[in-house]
Each structure stands twice: as C-alpha cells, then as structure tokens.
Amino acid sequence: MIVARDIVKYHGGDLKVLSGATLAVESGEKIGLIGRNGAGKTTLLNVISGNAEPDAGSVERIGGAKVGMTSQNLYAGERGGLSVEEEIISAFSALISREKDLADLEKRLSDNQSDALLERYGRMQSEFERDGGYEYRAKAASALSGLGFSPEQWKRPVGSFSGGEQSRVALARLLLEEPDLVLLDEPTNHLDLQAIEWLETFVKNAKSAILVVSHDRYFLDTIAGSIVELEDGKLVRYPGNYSKYTTEKKARDEQLARKAKANAERREQLERFVEKNRAKASKATQAKSKQKLLDRMEKVEAPRNGSKNIRMDLGSETSRAGRVVLEIEGARYGYDGGEPLLDNLNLVIERGERVALLGPNGTGKSTIMRLATGEIEAQEGMIRTGHNVTVAYQDQQLARLDDTKTVLREAMDTTGFDAPEARYLLGSFLFSGEDVFKKVGALSGGEKNRLSLAEIVVSGANLLLLDEPTNNLDIPAREALESALLGYRGTIFFISHDRYFLRKLATRVVDLEAKKLINYLGGYDYYRAYRRLDVKENGGRRPRRRVRPGQSKEQGVIATRLVAVEGEIDATERRVSRLEKELATSELYADGQRSREVVTEHRQLKNTLEGLYADWTQLLEEAEEAGL
C-alpha cells in the first residue's frame, strides 16, 4: 500500500537523520515506530505523509493510497472558529453530502413517485446505510466522549481550547476520517487513562493501517502487530508487540555479539599472521594470501548496547523521615470562590511507599501536588508533611526551571555545585560539550525533563512529588528512571498516565473522583481488577458487583469463596485505614507501648492484605475460566 524506499534525509548541514531507511506498510497493519529522541521518527512520518521531501529515495503510494497525519499548527485562523462538534462531523463530509442528496430525492418523491426515482432512492439509501450513514453521528459522539469532551464543550470553538485539547480534537477527526494509512506521533500525550484505553480500542478496530510513534510501552503492547526500530538512520522490523520486540531484540543482540566476537578474533589471528610473516621469504606468499582474505572479510560490528543513556542514581542515603511523611485531612480547595475543585480530601502516606495519584484530566491532580508542596494553601482542612521530611517537586510544566539561564548555570544555582561538579552531573543526563551552554528556554521537552531530574537526583530529598515524570522521555530514559525510583529509599507520590511505569512502580493507588480521594491498597494491577467490579451507573457509584453462585457446583464454590475473600479485604482495609489515622497523630507517640502495638499491627495487616490480594486475583481468574 505504502512503500518508502532508501529514504535519506539531512537535518541541517551534513547531519544525516535518515540513511537508506526502507519501510513497507500493508493495508490494515498496526505498526509501532520506536527509537531514541532525535533519531528521526517524526522526520520519517513527515516524509511518508508528504509534508517533507526526502533528499534521496522515494515514497510510493500504491493505488493512490491516502495518508493522514495531524497538523502541527492545528487550529490557527478561521478553522479555529469551528465548534468541536462541527470539526469532528466534518470527517464525514462525503456521507454528509450523500445525506443531503437523499433528502433532496425524498422531496422529489413527494411530488413524483416514479419507478425510476423509487429505484434510485432505494439504491442510494442501501449504499448510504452500508457505508455507515446512519451511524456517523453516533461515532462522532463516541469519539468526543472517549477523548474526554463533555457535551457542554462540543459547541465551543476549537481555537478556544488548550493545545493539548486541540490535539485530541485533531486526533479524533483523523481517526474518524479513516484514510488508508494513519500516521500518529505520540498520540497518548495529553490523554488520561480512560481516553488512552478508548484510543487503544479504536486503533485496534480501525480499518486503516496505522504507523504510530510512541514511547508508551503498554499502548504498543496492546495495539502493535509489529515494531519498527529506527536506529542510525535505518529501520529494522520485529514481528509482534513491544514485549515480543524486547525479547527478540535481546536474542538478536546476543547472537550478533557472539558473531562480532568470533569475527574480531579471526581478524586478529589473520592480522598477527600477516604482521609476523610478511617479511619472511618462506612465508611471504602465505602472508599475502591471508592479507587478501582479511581485506575481503566483512567486519561485523557488535550491537550498540553501550550507546549513551541516562546514568541516574537515587540510591544514596537520605535522611530518615518519620513514619508518616504526608497527611491530608478534610482539605478543600477551589478557585475564585466558586464550586470547590477538591473537597474533603483525606490521605496518609507512610515512609517508603510509592503512591500513584490517578484520575481524569482536569479533576485537580496537579492541584493536590501543589497543595502538598505548600505552593498553595487549602481553604479548609489540614495538609502537613511529617517529621524530618524534605520535599523535591517536579511539576508537569517544569515551570521551576529558569528559561533565561544556561543549562550549566541552572544546575549550579539549584544544586550548589561548582562548574566541574555540575558538568559531571549534567553529563550523566546526556548534556555534554556545548549543550551545557544552551539556554534552558531553548531546550526540548525531553531535555527539560532530563535537566529537572538531574537536579532532583542530588537534592537529598526523602519525599519526591512527581507530576508526569515520564513526559517527553524516550523508552531508554523511562527505563532508567524506573530503575532509579525502584532503588530509591525515600517516599514517592506521583501522577502518571504511563501504565507500564505505574505497574512497575506503584505500591498503592489513590483515585481522584468526584472531588475526593478513593484509596486502593494495592498496586496498579489490583486497582484495575478492583475497578472492574466497581461499576458506574447513572453517573454515580454503587457497591461492588458480587459474583453470585452459578448453576454448576464449581461456579457456586468459586463465587462463594470470592465473596468471602472480598469481605475479608474490605474488613482489613478498613482496619488499616483506622490505624493509619492513628499513626498520623502526635499523641500516639507519647505512649511508647501503644505506638509499638499500632506499628506492629499495621505491618502485619499490610502483609495480610498482600496475601488476600493474591488470593482474590487467583479467584478472579478461576471465575472467568468457569464462565462467571
């Protein structure tokens, strides 16, 4: 359908971004395009879409295949005056035109019901129905709702929304238009978890072929039928999703490393023989023969496992905080005296926890982070950090960085390091040479994120507040961050929509819903499983749906056990919650014996919960297998 052959593209001067890249995309394929930031992924998409011309090579659209890609300028000018609904509906312009033709024909039929007109109307109506003519408005509404737009927002001009919201509108329109090939560049940016899950379902079911650049590993696992890696200007394809790619990539690299080692050893043997015998009359002929063999021998390069990556270490000693590091009790916050954005928030975070804060976009997650830092104050209730707690905060917009400073000066001023120390730190985060003299304001989003992380690494903080820390980071950088945070001895409270990151890091999840926090005393997988039983109806919450005994004896046994385990979990969670409130009070620690009892019981109950969660997950799997 689309074939890009031997694409070469320069990026200023002699810097070659693409060097003979070749890619074929067949109808309906779903391909993930990965590579480090700056490798040329967006450049390749622009070449395939026709937005940029290659310096060499060609792009062939077999059968005039149509390629769609969202515009970078989005809704500047007159187009920004269209309502969201009008913009989305315009994706169905061909169907709308045929709908008008049908309406005109209906008017004619009211005056003239000839056989010819009736036959024409029947044919047009059948084709209109076949092509989804009676469904396109519902599809548009589903797309808007799935991407987080409420019906009240549909009438607003597109240009009145933020850049992230405009990106979502453009994405919905492109997907609904269904060109032969859809090119997506980081489509999960600006989406919350619910919208990402909607997008996954839409992409998997789309008729279009899709080539997507993404650093979201969970998303790639879900939608990709193959992974294409861009490295050193060339493309290598791997069958399967991202997880299969990592396995195959490792196996290929190990095989190549063995081949490169054997090749190097053989070359070294030949070189030694030639060097030793070229001057000997009796061996000169053999030496010449060996030299010719050496000249013909292909040099096999080892895989580039040693390529640059962030060297991040948060494992250094931090001061020991008290057992409770952050407490929020009855907190309320709103803007300009209107309806509160947050109301009656309650949360206790203990030393060593890694707590994920989840919730739809716009509900106030970042506001909770700012309340926790003391940057803003709650209008009611209490928010406090515990004994000996030192906080480091990375906000989503990275507004704490000074755009007017150089990278080196920013690092020196923030950390207190002298220039050599600061340059060593920056080098660990891939700022080398003249990079350190760039203005912070000229950095890309990923570079700013790396700079912010560099400052956090040496802050000595024992409580990290992180708002979307993986934003704009490529996959190797995300993996380095995960590894560093898993080795961190302090406490982490973080916001993320990266489900791979959430699964690896979170030991507990709190969900912001209806202005309040709901506590899930388990990791991300437990949260997802629990939410499946937490059904929403008529805009409100209802108690978890219990699986009732089925018709068979096996189903009855499983269902009864599942209900019993859920009851134990509920009771244990309530007890843990009461103990955490007691642990957050200073009065407890005045009584040494009581404080030891509470601490011991709390630890035992947390261990009990882990076992109950494991039992519950196993029972859920058995229930599904039994058809419950």
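Predicted model: local features only at pLDDT ≥ 70, side-chain atom pairs only at ≥ 80, totals over all residues.
Helices H3 and H4 form one of the packed pairs. The axis of helix H3, which spans residues 93–111, and that of helix H4, which spans residues 115–130, come within 10 Å and cross at roughly 155 degrees. Because angles over 145 degrees count as roughly antiparallel, H3 and H4 are therefore roughly antiparallel to each other, and their crossing is left-handed. On the H3 side, the contact is made by Leu95, Arg98, Glu99, Asp101, Leu102, Leu105, Glu106, Arg108 and Leu109, which meet Leu117, Leu118, Arg120, Tyr121, Met124, Gln125, Glu127 and Phe128 of H4. By class, the residues of this contact between H3 and H4 divide into nine nonpolar, one polar and seven charged.

A further pair is made up of helix H9 (residues 242–277) and helix H10 (residues 284–296), whose axes come within 9 Å and cross at roughly 150 degrees. H9 and H10 are therefore also described as roughly antiparallel to each other, and H9 passes H10 in a left-handed crossing. The residues of H9 that take part are Arg266, Arg267, Leu270, Glu271, Phe273, Val274 and Asn277, and these meet Ala284, Gln286, Ala287, Lys290, Gln291, Leu293 and Leu294 in H10. Seven nonpolar, three polar and four charged residues make up the contact of H9 with H10.

Helices H12 and H13 pack in another arrangement. Helix H12, covering residues 407–415, and helix H13, covering residues 419–428, pack at an angle of about 110 degrees, with their axes 9 Å apart. As angles of 65 to 115 degrees count as roughly perpendicular, H12 and H13 are therefore roughly perpendicular to each other. In this contact, Val407, Leu408, Ala411, Met412 and Thr415 of H12 meet Ala419, Ala422, Arg423, Leu425 and Leu426 of H13. The contact of H12 with H13 comprises eight nonpolar residues, together with one polar and one charged residue.

The largest cavity holds about 40 Å³ of space, and its lining consists of Gln394, Asp395, Gln396, Leu398, Asn449, Asp467, Glu468, Pro469, Asn471 and Asn472. In terms of residue class, two nonpolar, five polar and three charged residues line the largest cavity.

The second largest cavity has a volume of about 30 Å³, and it is lined by Leu314, Leu453, Ile456, Val457, Leu464, Leu466, Leu481 and Leu485. The elements that give two or more residues to the lining of this second largest cavity are helix H14 (445–457), strand S15 (463–467) and helix H15 (475–486), and H14 gives the most, with three residues. The lining of the second largest cavity has eight nonpolar residues, with no polar and no charged residues, whereas the lining of the largest cavity includes five polar and three charged residues.

Definitions and conventions. Residues numbered from 1 in each chain as written. Heavy atoms only, no water. 1 Å grid on protein atoms, 1.4 Å probe; cavity = no way out; pocket = protein on both sides within 12 Å on 5 of 7 lines; lining within 4 Å. Points joined across faces, edges and corners; volume = space filled by probe spheres on them. Nonpolar A, V, L, I, M, F, W, Y, C, P; charged D, E, K, R; others polar. Helix = DSSP H or I, 4+ residues; strand = E, 2+ residues; numbered from the N terminus. Axes fitted to C-alpha atoms, helices over the stretch in contact; angles between N-to-C directions. Parallel < 35°, antiparallel > 145°, perpendicular 65-115°, else oblique. Left-handed = near helix turned anticlockwise from the far one by under 90°. Contact = heavy atoms within 4.5 Å.
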